[in-house]
Structures are given as C-alpha cells and as structure tokens.
Amino acid sequence: MKRLFIILAAVIALCPDASAKDVKVLYWNVQNGMWTGQEDNYDAFVGWVKSQKPDVCIWAEAETIYYTGTSQRLPREDRYFIWDKVAPRYGHKYIYVGGHRDGYPQVITSRYPIESVSKIVGDENFVVVHGAGWARVKIAGKTLNLVSLHTWPQQCHFNCKGAAPEVQKASAERGEGDMYRAEELRWICEHTILADPQAKDNLWLMAGDFNAVSPKDNWVYGYPEESTKLLTHRYILENTPYIDVIWQRHQRNFYTTTFEKKRIDFIYCSPALYEAMSDAQIVEDEYTRPVRSEKVKGWQYPSDHLPIITIFKF
C-alpha cells in the first residue's frame with residue numbers, strides 16, 4: 001500500500017495541474033475598424049473570433065473611419081467604434097479604448113473586467129502618434145498587464161507630415177521615420193514596463209503593429225547591422241525584459257504578419273509570463289489570409305495584417 005501511494009504521488013507530480021486555466025490572448029490589426037465587416041454586419045468577423053474563443057482581444061486600427069466599401073473618409077464627427085455592439089457577440093462584455101490623437105487607436109476587449117491604468121499619447125513635447133494603452137486584467141488570481149500600441153507608419157519624421165515631397169524624401173533617406181518609431185517605443189516602455197521595478201517577475205504583455213522589423217529576423221531581410229530599420233526592436237531587446245514570443249518559439253522559421261510579407265506585428269512578454277505560455281502562433285487560415293480588394297486599390301480582405309494568438313496557463 002505504501003508503494004502504491006508513492007507511485008500515485010509521483011504520477012500526480014508529473015501530470016499538468018488540472019486546475020490551471022488556459023488563457024488565450026488574440027491580437028490583430030483589423031484594418032480601419034474592420035472595414036470589411038461593414039458589408040455583412042461583421043458576421044464573418046464575429047464568427048471567426050468566436051471560433052477562436054479568446055479571453056482577451058487587442059485590436060489595432062480599431063476606429064471605423066471610412067464609408068462602407070470605399071476609401072472615402074468619414075467626417076471626423078461621424079467616425080465610430082463598433083466594439084460595444086460587436087464584442088458581446090463573441091462573448092466579451094468589457095472594453096478598454098487606449099489613448100489616441102487620430103483615427104487609429106487600439107481597443108482591448110475581455111471576458112474579465114478591465115482596469116484602465118494609462119492612456120498614452122505623449123505630452124506637449126512629444127507625440128505618440130497613434131497612441132498606446134496600459135490596462136490590467138485579473139484572471140485566476142493573477143494580474144495581467146496589457147500594453148497596446150501602433151507606431152508611426154511613415155518613413156519620414158512625424159514633423160515632416162504635410163511637408164513638400166522632397167522634404168519627406170530627404171527625411172526618409174536619413175531614416176528619420178525609423179528613429180521616430182524607436183523614440184515612441186522608448187516613451188511607451190518608460191511609461192509602462194520600465195516603471196515596474198519587478199517587471200521580470202510580473203505578468204506583462206505588449207502587442208501591436210510596430211511598423212518596424214526586428215534584428216531577430218534580419219537573416220531574412222539582410223539590412224546592415226547599423227540600419228535605422230532595426231532601431232525600434234533593438235531598443236526593446238536591449239533595454240527591456242521583454243521576450244519576442246513568436247521568434248522564441250519558432251526560431252528556425254520566418255512568418256509574415258502582413259500582405260507585404262514582413263513581420264511587423266509582435267507580441268512581447270515578460271519572462272514570468274513567457275514561462276506560463278503554452279503556445280504562440282501567427283494565424284493564417286481561410287478567413288484571415290489577406291486577399292486583394294477588387295473595390296479599393298491597395299486594400300485587402302479581411303485585413304492587410306494577420307492575427308497572433310498566444311495561450312497561457314494561469
């Protein structure tokens with residue numbers, strides 16, 4: 001009998017904790033407030049999200065700013081958010097809108113209550129162009145810090161917006177758009193994870209459209225090591241405890257997140273959160289795979305980006 005108890009104890013020790021809760025986080029840049037969903041009342045989008053059963057969703061480009069099926073912008077006063085109507089359809093009752101100055105904010109939806117910590121837009125001296133956000137969600141007794149972002153998308157400096165084409169071109173050639181993105185990341189990190197003295201031991205997740213490639217993928221791109229194109233992610237990798245989860249789990253493979261075949265969407269996790277991770281995937285399936293729009297040149301269905309899904313055991 002004593003031997004039986006010893007064997008049972010050993011088996012239990014080797015088995016996964018049956019009480020551990022799977023927590024699925026979905027990130028996706030949904031292209032102009034899920035522009036393509038305007039045509040079918042978001043039915044295809046909601047159906048796909050429901051099939052993934054996420055606990056938390058982080059959406060980039062979360063405001064609707066175009067008339068249905070066109071590239072014609074709505075007047076600023078007519079732009080709107082869909083999430084209070086759409087999120088409950090896929091099982092999320094809590095919504096957080098990050099800080100933003102223009103029509104490209106991020107939104108977080110969740111099955112669990114969301115605490116708003118900070119809405120990040122910079123200050124009078126520095127603009128975080130599309131804004132960022134810091135929110136918290138408590139799941140299974142754990143506090144998950146969520147940082148959403150979407151960096152400056154142009155190759156020229158932000159201050160060159162609206163300048164003459166030759167001025168923008170000269171700025172782009174100097175890599176000033178890349179430098180601005182790196183400064184945005186510095187600002188965002190200093191006001192989120194770097195403000196936490198115990199960041200390595202706490203649960204942090206940062207997700208977004210970084211509009212920049214990583215040194216981790218430079219074996220694909222082949223940029224010079226001193227290229228400004230690598231500055232944004234080099235800042236994160238050298239100055240924060242964050243781990244690039246897709247690279248960490250798929251080091252021998254390169255997976256694009258965009259129609260242009262670049263990986264510019266990322267999920268980063270603190271070491272403690274990475275230890276709880278059981279899966280991380282860029283999801284390209286029949287629904288998410290970008291297809292050129294026949295109506296609007298340069299746009300794709302359902303989005304020009306692919307989603308990323310991570311699963312943790314809390």
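Colleague: Is E39 buried, partly exposed or exposed, and what is its relative accessible area?
Modeller: Keep in mind that this is a predicted model. E39 is partly exposed, with a relative accessible area of 39%.

Colleague: Which side chain does E39 meet in a salt bridge?
Modeller: That of K295. The N to O distance is 2.7 Å.

Colleague: Where do E39 and K295 sit in the chain?
Modeller: In distant parts of the chain, 256 residues apart. E39 is in the loop between helix 2 (31-34) and helix 3 (43-52). K295 is in the loop between strand 12 (291-292) and strand 13 (300-301).

Colleague: And K295, buried or exposed?
Modeller: K295 counts as exposed, at 56% relative accessibility. The cut-off for that word is over 50%.

Colleague: Why can side chains pair like that?
Modeller: Side chains of opposite charge can pair when their charged atoms come close.

Colleague: How many salt bridges does the count come to?
Modeller: The count comes to 15 salt bridges. One of them joins E183 and R186, whose closest N and O atoms are 2.9 Å apart.

Colleague: How are E183 and R186 placed in helix 6?
Modeller: They are three residues apart in helix 6 (residues 176-190), so about one helical turn separates them. E183 is partly exposed, with a relative accessible area of 34%. R186 is also partly exposed, at 22% relative accessibility.

Colleague: What about E284 and R289?
Modeller: Their side chains meet in a salt bridge too, at 3.2 Å from N to O. E284 is partly exposed at 41% relative accessibility, and R289 is partly exposed at 39%.

Colleague: New topic: helix packing. How do the axes of helix 6 and helix 8 meet?
Modeller: They come within 7 Å and cross at roughly 30 degrees. Helix 8 covers residues 231-239. Angles under 35 degrees count as roughly parallel, so helix 6 is roughly parallel to helix 8.

Colleague: Which residues make the contact?
Modeller: From helix 6, they are D178, M179, R181, A182, L185, R186, C189 and E190. From helix 8, they are L231, T232, Y235 and I236.

Colleague: How do those residues divide by type?
Modeller: Seven are nonpolar, one is polar and four are charged.

Colleague: Which residues of helix 8 are buried?
Modeller: T232, H233, R234, Y235 and I236. What covers them includes helix 6, strand 8 (203-209) and strand 10 (265-269).

Colleague: Let's zoom in on R234. What does it touch?
Modeller: Leaving out residues up to four places away in sequence, R234 touches P215, E225 and N239. R234 counts as buried, at 18% relative accessibility. The cut-off for buried is under 20%.

Colleague: What does R181 touch?
Modeller: Again leaving out residues up to four places away in sequence, R181 touches T151, W152, P153, Q154, Q155, F210, N211, A212 and T232. T232 is in the contact between helix 6 and helix 8 as well. R181 and H157 are 24 residues apart along the chain, and their C-alpha atoms are separated by 9.0 Å.

Colleague: Where is D55 found?
Modeller: In the loop between helix 3 and strand 2 (56-60). D55 is buried, with a relative accessible area of 8%.

Colleague: What is D55 in contact with?
Modeller: Leaving aside neighbours within four places in sequence, D55 is in contact with K21, D22, V23, K24, H92, T109, S110, R111 and Y112.

How values were computed
Residues are numbered from 1 along each chain as its sequence is written. This is a predicted model: local features need pLDDT of at least 70, side-chain atom pairs count only at pLDDT 80 or more; totals for chains, interfaces and linings use all residues. Side-chain values use heavy atoms; hydrogens and water are left out. A salt bridge is a side-chain nitrogen of Lys or Arg within 4 Å of a carboxyl oxygen of Asp or Glu. Helices (H or I, at least four residues) and strands (E, at least two) are DSSP runs, numbered from the N terminus. Buried means under 20% relative accessible area, exposed over 50%, partly exposed in between (1.4 Å probe, protein chains only). Axes are lines fitted to C-alpha atoms, for helices over the stretch in contact, and angles run from 0 to 180 degrees between N-to-C directions. Angles under 35 degrees count as roughly parallel, over 145 as roughly antiparallel, 65 to 115 as roughly perpendicular and the rest as oblique. Contact means heavy atoms within 4.5 Å. Ala, Val, Leu, Ile, Met, Phe, Trp, Tyr, Cys and Pro count as nonpolar, Asp, Glu, Lys and Arg as charged, and the others, Gly among them, as polar.
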